[in-house]
Amino acid sequence: MRFTLPRDIYFGEGALAELKNLKGKKAIIVTGGHAMQKFGFLAKTEEYLKEAGMEVRTFEGVENDPSVQTVMKGAAAMREFEPDWIVALGGGSPIDAAKAMWVFYEYPNETFENIIQPYSFPTLRKKAHFVAIGSTSGTATEVTAFAVITDPEKGIKYPLADFNITPDIAIVDPDLPQTMPKSVTAFTGMDALTHATEAYVANYLTNGDFTDPLCLRAIDLIVKYLVKSYNGDKEARAEMHYAQCLAGMAFSNALLGICHSMAHKTGAAFSTGHVPHGEANAMYLPHVIEWNRKDPRALRKYAEIADHIHITEAGDSDEVKCQKYINLIYKLNEELNIPHGLKEFGVKEDEFKEKLPQIAKNAVLDACTFENPRKTEAADFEKILTACYYNTVIDF
């Protein structure tokens with residue numbers, strides 16, 4: 001058993017200023033650019049690093065769902081500059097991209113095909129250490145051993161997994177997510193809820209006494225604060241930023257399940273447009289719970305979640321408690337204006353049916369599938385995804 005987190009997590013308003021205390025010669029900032037520049041956080045980051053006595057260079061323009069090509073371009077920039085600190089700033093995309101860049105900076109001859117195998121990374125920190133500064137409240141990639149990189153030619157998102165890419169330092173400053181648009185607040189918040197839920201019911205080998213309390217506290221905060229955060233409440237935004245970090249610490253060690261497997265394999269699959277990761281998780285989560293609750297242990301765990309957030313009554317069976325949690329997720333989706341399934345999202349029916357068998361096969365191979373509490377084969381994925389498309393109840 002192993003439980004791994006960043007060595008230091010700095011949190012609270014103004015935590016970004018901790019960058020002034022880093023020791024090093026050169027730092028490269030990896031960011032998406034626009035939002036962090038617009039609201040002044042990129043300039044602050046540069047200023048603090050220079051106050052630490054470092055030469056600073058910026059790699060901007062990391063796209064949503066960062067591609068293999070962007071990763072290789074960033075790694076080349078790092079090899080040219082030779083930083084001893086990599087500072088990733090922004091949402092999940094630039095932080096994930098920077099994690100992958102880190103590998104190819106230190107190991108130029110490594111291949112992407114090798115590192116998509118779980119826990120197969122070479123030993124890092126030969127050239128640089130890593131700081132992650134999250135600006136959204138969902139992925140928690142600032143504290144996790146994961147990154148998601150997209151191969152646009154194949155239309156597949158690859159979850160990279162290795163404790164080597166757990167950041168050395170995480171900065172969880174609630175000033176940054178105050179600038180999130182409402183849709184991003186909704187999607188990232190439901191992503192965090194999915195993280196905590198899947199980590200709590202994951203297979204025996206990975207979750208337990210060290211991760212369960214993090215999951216339950218995260219779920220409690222998300223249920224209390226997500227809708228308020230969506231509606232612009234500043235305090236709620238801060239609480240959500242902490243909640244998603246707690247969920248991240250949990251799932252980085254307990255791992256996830258098939259909700260994420262399906263979100264990874266459908267996000268870039270359809271011509272009607274990208275399905276945002278958190279939005280996909282929000283649409284799929286009720287159906288995944290319906291599928292998993294046939295497993296007695298998973299049912300008990302879902303019931304425990306419902307008890308913890310006080311939505312149950314004395315005498316409720318575990319089935320009733322689980323259903324109340326499913327109903328709560330549907331209610332959250334409605335309040336956050338998230339559609340009830342891929343059909344309502346806008347995915348064309350003919351294209352969905354055509355691509356379904358291959359998506360299901362890809363989902364079986366996803367790194368998140370093996371920790372799901374109920375074994376799920378390609379034929380099962382086809383049925384579950386069909387329920388996610390039409391928003392029908394899973395009773396098989």
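Q: What is the order of the strands in the open sheet of six strands?
A: The order is β1-β8-β5-β4-β2-β3, with parallel pairing, where strands (E, at least two residues) and helices (H or I, at least four) are DSSP runs numbered from the N terminus. This is a predicted model, in which local features need pLDDT of at least 70 and side-chain atom pairs count only at pLDDT 80 or more, while totals for chains, interfaces and linings use all residues. Residues are numbered from 1 along each chain as its sequence is written, and side-chain values use heavy atoms, with hydrogens and water left out.

Q: What makes β1 and β3 edge strands?
A: Strand β1 (8-11) and strand β3 (55-59) each pair on one side only. Neighbouring strands of this sheet are turned by 15° against each other on average, direction ignored.

Q: Why are β5 and β8 said to pair?
A: Two strands pair if DSSP finds at least two bridges between them, and β5 (residues 129-134) and β8 (residues 169-172) have three bridges in the parallel sense, so they meet the rule. In this pairing Ala-132 stands opposite Ala-170 in β8. Strand β1 is joined to β8 by four bridges, also in parallel, and Phe-11 stands opposite Val-172 in β8.

Q: How do you know that helix α2 packs on the sheet?
A: Helix α2 (residues 41-51) touches β2 (26-31), β3 and β4 (85-90), contact being heavy atoms within 4.5 Å. The direction of α2 makes about 170° with that of β2; such angles run from 0 to 180 degrees between N-to-C directions, with axes fitted to C-alpha atoms, for helices over the stretch in contact. Helix α3 (residues 68-81) touches β2, β3 and β4 as well, and its direction makes about 165° with that of β3.

Q: Why is Thr-45 called buried?
A: Thr-45 has 0% relative accessibility, and buried means under 20% relative accessible area, with over 50% exposed and the range in between partly exposed (1.4 Å probe, protein chains only), so Thr-45 counts as buried. Thr-45 has its place in helix α2 and touches Leu-16, Leu-19, Ile-29, Val-87 and Leu-89, leaving aside residues up to four places away in sequence.

Q: Which way do the residues of β8 point?
A: Ile-169 and Ile-171 point one way, Ala-170 and Val-172 the other way, and all are buried. In a regular strand the side chains alternate between the two faces of the sheet.

Q: What makes a set of residues a nonpolar core, and which residues have the most contacts inside the largest one?
A: A nonpolar core is a set of buried Ala, Val, Leu, Ile, Met, Phe, Trp, Tyr and Cys residues joined through side-chain atoms within 4.5 Å. The largest has 83 residues, and Met-190, Tyr-284, Tyr-325 and Leu-342 have the most contacts inside it. Helix α7 (residues 212-230) gives the largest share of this core, 11 residues. Apart from it lies another core, of 34 residues, among them Ala-75, Ile-95, Ile-156 and Leu-160.

Q: What makes the space lined by Ser-137 and Met-180 a cavity?
A: On a 1 Å grid over the protein atoms alone, a cavity is a set of points where a 1.4 Å probe fits but cannot get out, and lining residues have an atom within 4 Å of a point. A search of the whole structure finds one cavity of 30 Å³ or more, and about 40 Å³ of space lies in the largest cavity, a volume being the space filled by probe spheres set on the points, which are joined across faces, edges and corners. The largest share of the lining, three residues, comes from α6.

Key: 1 Å grid on protein atoms, 1.4 Å probe; cavity = no way out; pocket = protein on both sides within 12 Å on 5 of 7 lines; lining within 4 Å.
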